[in-house]
Amino acid sequence: MDITQEMSEGQAHFLKVDKVCFEGKSEYQNMLVFQSSAYDKVFVLDGALQLTEKDECSYQEMMTHLPLCSIPNPKKVLLIGGGDGGILREISRHMSVEQIDICEIDTMLIDLYKEYFPDVAVGYKDTRVKLHVIDGPDHELFESQFFELVSKALRPGGVLCIQAESFWFESLNIEELLTKCHQTFKGSTDYAWTSPYVDFRNPINPIDPENYGISKQPLKYYNSEVHSAAFCLPSFAKKFTDTKADKSSAKGF
């Protein structure tokens, strides 16, 4: 058995399935967990690859620490989606955070992650976490009120962090996303990390390397140097991001 994840037209990611650990369907979606010799255990949702044990750290750590290390003393975090628990695990490394709310639609998904990916789902063990089983916002970001609602909910200095896909693929129009963020937040925007006037490129709230939070492991991917380097873009990407920045009061992309 093999799994093929289409990346864009004419391109796909191919994984060999060594062993199927679970295959089933919840009220909302189809789920598959399998063992891969190249990526260890893999989670697939409605045919789309969601997480692998081998490289989940890069996604979870960057999604969490780029925003939280860019502002002083973050107190409250709302996570929409992220049912695997990996971002919760990473938030737990921040001792200033007092409240962590997560909204997830599918409890079966959460249970599967706890059973098959315990080192990822360990984030649910943080006593600061409160789970809300509820449907999330409209996935059509540009047509919904999502950004406007977030802008109203954020406190001064707060940050919105979203998964903005890649410059290499056209699954999400990043240029349109930037425009929407500039118009809505009227602050600093850096590769989909948006907030009123935050210098994302120079972390001011470093993580204590001795503090693992709820995790039993140190950071595998993120550090302050990677943080700053993450905003160094290739020339082809800077061409339109610099243009967008010049048209607003926001800084960079």
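In this predicted model, the side chains of glutamate 53 and lysine 41 form a salt bridge, with an N to O distance of 3.4 Å. Glutamate 53 belongs to the loop between strand E6 (48-52) and H1, whereas lysine 41 is part of strand E5, so the pair ties together parts that are 12 residues apart in sequence. Glutamate 53 is partly exposed, at 29% relative accessible area; lysine 41, at 17%, counts as buried because the limit for that class is under 20%.

The salt bridges come to 6 in total. Three of them are listed below.

| Salt bridge | N to O distance |
|---|---|
| Glutamate 53 and lysine 41 | 3.4 Å |
| Glutamate 90 and arginine 93 | 2.7 Å |
| Aspartate 126 and arginine 128 | 2.7 Å |

Glutamate 90 and arginine 93 are both buried, and these two residues join Glu56 and Arg89 in a network of salt bridges. In the pair of arginine 128 and aspartate 126, arginine 128 is buried with a relative accessible area of 18%, and aspartate 126 is buried at 8%.

The largest nonpolar core comprises 25 residues, and Phe43, Leu88, Ile91, Leu109, Tyr113 and Phe117 have the most contacts inside it. Elements giving two or more residues to this core include strand E5 (40-45), helix H1 (56-68) and helix H2 (86-91). Helix H3 provides the largest share, 5 residues. Another core, of 10 residues, lies apart from this one and has Met62, Ile71, Val198 and Phe231 among its members.

Beyond its neighbours within four places in sequence, phenylalanine 43 is in contact with residues including Leu109, Leu112, Tyr113 and Phe117. Aspartate 111 is located in helix H3 (residues 107-116) and is partly exposed, at 48% relative accessible area.

Conventions:
Residues numbered from 1 in each chain as written. Predicted model: local features only at pLDDT ≥ 70, side-chain atom pairs only at ≥ 80, totals over all residues. Heavy atoms only, no water. Helix = DSSP H or I, 4+ residues; strand = E, 2+ residues; numbered from the N terminus. Buried < 20%, exposed > 50% of the residue type's maximum accessible area, 1.4 Å probe, protein only. Core = buried A, V, L, I, M, F, W, Y, C linked by side-chain atoms within 4.5 Å. Contact = heavy atoms within 4.5 Å. Salt bridge = Lys/Arg side-chain N within 4 Å of Asp/Glu carboxyl O.
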